[in-house]
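Here is a short briefing to read alongside the structure. Keep the view open and look for each part as its name comes up.

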There are 2 protein chains.
Amino acid sequence: MRKIIKVGMLGIGNIGKGTYQALEMNHQKIAETTGLDIEIVKILNRNPAKDRGIDIPKEKYTTDVNEILSDPDIDIVVELIGGIEPATTYMAQALSNGKSVVTANKAAIAANGPKLASLAQENHVLLRFEAAVAGGIPILTSVTTALLSNEFNEVHGILNGTTNYILTQMSEYGKDYAEVLKDAQAKGFAEADPTADVEGIDAANKLSILISLIFGTSAAPDVIPTQGITAVSSEDIAFASEAGYRIKLLASALKSGDKVYGNVEPALVPVSHPLASVNNEFNAVFINGNAVDDLMFYGRGAGPLPTGSAVLGDVIGVARKLEKDSAYDIVPQLRYDSGLEFAGEGTNKYYVRMTVADQPGVLGKITTVLGEYGISIEVIQQKYPHELDGEIVVPLIFILFPTEKSNLENALERIMQDDVVKSIENIMRVE
Amino acid sequence: MRKIIKVGMLGIGNIGKGTYQALEMNHQKIAETTGLDIEIVKILNRNPAKDRGIDIPKEKYTTDVNEILSDPDIDIVVELIGGIEPATTYMAQALSNGKSVVTANKAAIAANGPKLASLAQENHVLLRFEAAVAGGIPILTSVTTALLSNEFNEVHGILNGTTNYILTQMSEYGKDYAEVLKDAQAKGFAEADPTADVEGIDAANKLSILISLIFGTSAAPDVIPTQGITAVSSEDIAFASEAGYRIKLLASALKSGDKVYGNVEPALVPVSHPLASVNNEFNAVFINGNAVDDLMFYGRGAGPLPTGSAVLGDVIGVARKLEKDSAYDIVPQLRYDSGLEFAGEGTNKYYVRMTVADQPGVLGKITTVLGEYGISIEVIQQKYPHELDGEIVVPLIFILFPTEKSNLENALERIMQDDVVKSIENIMRVE
């Protein structure tokens, strides 16, 4: 006999619709494989008059969240409203009422994960959030189950589809950021207000969750050094390409001693690296474990059905435990007790593009200052001269051996004091 | 208080050593994360005098398998002998004695998986084999947990590191198969007897397991059409490269209606496909699910530590269940009851390379026959003429639109009846 698992869903936006649709498509397969009959019985819909473009029986809708949070028949609450509040309050209430919670909400988990995880444990229920990081890619499940046999050394993620789409299009068609953003918005790959994506905030939320799971330490999104892609120009992309690199918005963290260094920044990735071939709206997570070595997971990080796949995967996982009354472990486990400490931006190779006057001796001045700051140069490229404000200038591109970013910034400040240096156009990490 | 989980290991070859070493490296992290104290207490070592190059206390070794299979203190038996027998007998005995089993043995699971899975269920213990497919890549765990919310449409794997290394080296250095094989053997990437790898047998075993997990149907290795890489020449690789393809040994299966088509064959993969960039000894599994869409997992498919990572991941998974006395589900679940039927090689695009006399009208004759068999041509390339047995001949390369392989073979047989066609050099699938 099949066990019926009743699910209440908060929100019926894109991910809500994707989750509902994925369950409609695969209900039978799930039932045959697991013996579980999963039913979405109630859906919080603040605006029931709005046409959602999906055929859902009207009697499932409610405008009152308490009809879900307090319904004794509901086993699992799926939170798909997004944003920190009121989502966190609703999840906390569901957990306190003895319901397991599945969410796709990276902002709420990054901000309040520890609190919600404790509540789940106190109430002997489960909290899962696979969909919060890299959409359909099962990275959280993997690092907390099959890969638990590893100490991890590093993680690098392309965790935001909007920015990866923009950078790929800039790279393929030589177009500028503003032009591609407009096109992405028209195609639905970027939101009307793209700030959270293009400024790296979305990726920082996801990296914060990954750092807790992989390194067992706390790195709140606002302490992760974060730089978006708005300063990346088509010139940077062209120069990087010539030197054998692709530019990707990387969310990275790596362990060194008892410190974890990490940031979200546009970075130059060698074309031979598997992350360099991750294009358009696709996401990927590259990790290195001390036993498994290099691994990469590639897939769709957003979109209704891929994200719905992850939400529904979590619902099944929770339901399998509920079915056997064995709600003992919280997978994935947010951990902050490993003894490692998050220490922000570490030592990296850097790419620097600047514009200088086309005069003899300029290169000598710059390299002398870099030398004084202990910064060695791997590559210098001088590009074609052009006119700027009545003066002939040339672009200079440097790839520099590892240094601390603050040291590099100090050196560049000194360099800028010389009139022959017109501007520092961009600084990016090199992987 | 930590729960002690006692493990007996059968075999101390490369994977055994890797598993032992991975546990030594990560014992503390595993204990901190899971509360489990996992100990390898006994190891079957047929030849204790042999120096294994690893520091293991001698008292752990035994030459008598029953000291492990019948030890009431041992919770989990890890089988790392390889080959179908005596491994299957040992695993069956362990399961019958109420011990859970973890194995890396693709041949034994492909041959006897259903029997062993039933035995596990009868005895309320667990059977896991993540390491049997794609080494350290957590593909089996993923498709049976986080991705269980999908019906799968297709799977394509680069599942054998030896052949991928050989094909990559042939491609990068323009060398011939025999030369690269010798080099791979010298470097330890290929065995002295490479038959199981280069003939595709190893990949067919792994594909058989994947088909059961992904499509819930049976495809014994010996019913999977299997072709190795020994007939791939440096000419094929060069011609494929010109046309925008890489040649990979692909283990593929796809669902169409109530049939599953599958095979192991060298195939032309477009350079833009993520599988095309999987090089040297790396493995990858590309899958498509009806909700999650395209996903790819990339990592090390062999090697002591990466395989040990997967073995140990399974041990932890089993131990977490034992700890809570909740040995209820068998993950991954071998299934044969989905109603889908394995139907061998399906309809594919094909690459054909042949040598023909350099005479007028030859191309016309060949294309006429192909037309009679309903086979359309996507690409024809005629290469430079050269002398063969005193006659001037030219290589002809075709890329053909989808057809059944048997139909193509019939057409080529008819074409070969004409004296102007000297030989069919190679036929490969095009993805």
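This is a predicted model: local features need pLDDT of at least 70, side-chain atom pairs count only at pLDDT 80 or more; totals for chains, interfaces and linings use all residues.

A rotation of 180° superposes chain A on chain B, with 0.0 Å of shift along the axis and an RMSD of 0.0 Å. That is the relation of a two-fold axis.

**How the two chains meet**

- The size of an interface is often given as the accessible area lost when the parts come together.
- Chain A and chain B bury about 4,400 Å² between them, and carbon and sulfur atoms account for 55% of that area.
- Does each chain use the same surface or a different one? The copies meet through the same surface, because 100% of the interface residues of chain A are also interface residues in chain B.

**Polar links across the contact**

- Between chain A and chain B there are 18 residue pairs in polar contact, counting pairs with both residues at pLDDT 80 or more.
- Two salt bridges are counted between chain A and chain B.
- To find a salt bridge in the view, look for the side chains of Arg300(A) and Asp293(B), which meet with 2.5 Å from N to O.

**Where the axis passes**

- Which residue of chain A comes closest to the rotation axis? Phe297(A) does, with its C-alpha at 2.4 Å.
- Phe297(A) has Phe297(B) as its bridge partner in β11(B).
- These two residues belong to a pairing that joins the chains: β11(A) and β11(B), the strand of residues 293-300 in chain B, run antiparallel and share five bridges.

**The parallel sheet of chain A**

- Chain A holds an open sheet of six strands with parallel pairing, in the order β3-β2-β1-β4-β5-β6.
- Which strands are the edge strands? They are β3 (61-62) and β6 (127-128) of chain A, each of which pairs on one side only.
- Within chain A, strand β1 (residues 3-10) runs parallel to strand β4 (residues 76-79), and four bridges join them.
- One place to look is Met9(A), which stands opposite Val78(A) in β4(A).

**Strand β16 and its partners**

- Strand β16 (residues 391-404) of chain A runs antiparallel to strand β13 (residues 347-357) of chain A, joined by 10 bridges.
- In that strand, β16(A), the bridge partner of Asn348(A) is Thr403(A).
- β16(A) also pairs in the antiparallel sense with strand β14 (residues 377-382) of chain A, over five bridges.
- Here Ile377(A) stands opposite Leu400(A) in β16(A).
- Strand β15 (residues 386-388) of chain A is another antiparallel partner of β16(A), with three bridges between them.
- Glu387(A) can be found opposite Ile392(A) in β16(A).
- How many residues lie between the strands in the hairpin of β15(A) and β16(A)? There are two residues, and in this hairpin Asp389(A) takes a positive phi near 50°.

Key:
Residues are numbered from 1 along each chain as its sequence is written. Chains are lettered from A and ligands numbered from 1 in the order in which they are written. Side-chain values use heavy atoms; hydrogens and water are left out. Buried area is the accessible area (1.4 Å probe) that two parts lose on being put together, summed over both. A salt bridge is a side-chain nitrogen of Lys or Arg within 4 Å of a carboxyl oxygen of Asp or Glu. A polar contact is a pair of N or O atoms within 3.5 Å; within protein, one must be able to donate a hydrogen and the other to accept it, and residues adjacent in sequence count only if both atoms are side-chain atoms. Two strands pair if DSSP finds at least two bridges between them. Copies are superposed by least squares on the C-alpha atoms of residues with pLDDT of at least 70 in both. Contact means heavy atoms within 4.5 Å.
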